[in-house]
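Subject: Structure handover and findings

Hello,

Here is the structure for you to look over. My notes follow below it.

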Amino acid sequence: MHADSIKYFLTQLETADNKSKAEIENMLVNVGSAAVPVLVEQLQTVKGAVRGVVAMSLIRIGEASVDCLKKVAENNKDFEWVAKYLISEIKGEIAA
């Protein structure tokens, strides 16, 4: 799936009902590691329910999200705590 397609679906989340949000989240998770760079980029700017779906998608994609989260956190200190939290959720650890 192309980055523009992922961004389009994220804009749809702003007005989506819960069923549609779940369908979009499942679709993003099914894209898998190819979606990770776009999701991490978007996580830094989206708000509210959209941010929650993006974060949950990254957690559900799992280990494939970790390296990208770490890399972005190195360059964006404001994002570092978010990255650490998501990585701890992926790894099933308590965040340090």
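Contact here means heavy atoms within 4.5 Å. This is a predicted model: local features need pLDDT of at least 70, side-chain atom pairs count only at pLDDT 80 or more, and totals for chains, interfaces and linings use all residues. Residues are numbered from 1 along each chain as its sequence is written, and side-chain values use heavy atoms, with hydrogens and water left out.

Two residues to start with. Gln-42 is in contact with Lys-7 and Leu-10, leaving aside its neighbours within four places in sequence. Gln-42 sits in helix H3, residues 36-43. Helices (H or I, at least four residues) are DSSP runs, numbered from the N terminus. Gln-42 counts as buried because its relative accessibility is 14%. The cut-offs are under 20% relative accessible area for buried, over 50% for exposed, and partly exposed in between (1.4 Å probe, protein chains only).

Asp-4 is in helix H1. It counts as exposed, at 53% relative accessibility.

Next, H3 as a whole. Six of its eight residues are buried, so H3 is mostly covered. The buried ones are Val-36, Val-38, Leu-39, Val-40, Gln-42 and Leu-43. They pack against helix H1 (3-13), helix H2 (18-31), helix H4 (48-61), H5 and H6.

Now the core. A nonpolar core is a set of buried Ala, Val, Leu, Ile, Met, Phe, Trp, Tyr and Cys residues joined through side-chain atoms within 4.5 Å. The largest one has 31 residues, of which Leu-39, Leu-58 and Leu-69 touch the most other members. H1, H2, H3, H4, H5 and H6 each supply at least two residues. H4 gives the most, with seven. What does Leu-58 contact, leaving aside its neighbours within four places in sequence? The list is Val-36, Leu-39, Val-40, Leu-43, Ser-65, Leu-69, Leu-86 and Ile-90.

Last, the helix pairs. Axes are lines fitted to C-alpha atoms, for helices over the stretch in contact, and angles run from 0 to 180 degrees between N-to-C directions.

H3 and H4: the axes come within 10 Å and cross at roughly 145°. Val-36, Leu-39, Val-40 and Leu-43 of H3 meet Arg-51, Val-54, Ala-55, Ser-57, Leu-58 and Ile-61 of H4. By class, that is eight nonpolar, one polar and one charged. Ala, Val, Leu, Ile, Met, Phe, Trp, Tyr, Cys and Pro count as nonpolar, Asp, Glu, Lys and Arg as charged, and the others, Gly among them, as polar.

H5 and H6: helix H5 (residues 66-75) packs on helix H6 (residues 80-91) at about 160°, with axes 9 Å apart. H5 is therefore roughly antiparallel to H6. Angles under 35 degrees count as roughly parallel, over 145 as roughly antiparallel, 65 to 115 as roughly perpendicular and the rest as oblique. From H5, the contact uses Val-66, Leu-69, Lys-70 and Ala-73; from H6, Glu-80, Ala-83, Leu-86, Ile-87, Ile-90 and Lys-91. Seven of these residues are nonpolar, none polar and three charged.

H4 and H6: the axes come within 9 Å and cross at roughly 45°. The two helices are therefore oblique to each other. Arg-51, Ala-55, Leu-58 and Ile-59 of H4 meet Val-82, Leu-86, Glu-89 and Ile-90 of H6. This contact has six nonpolar, no polar and two charged residues.

Best wishes
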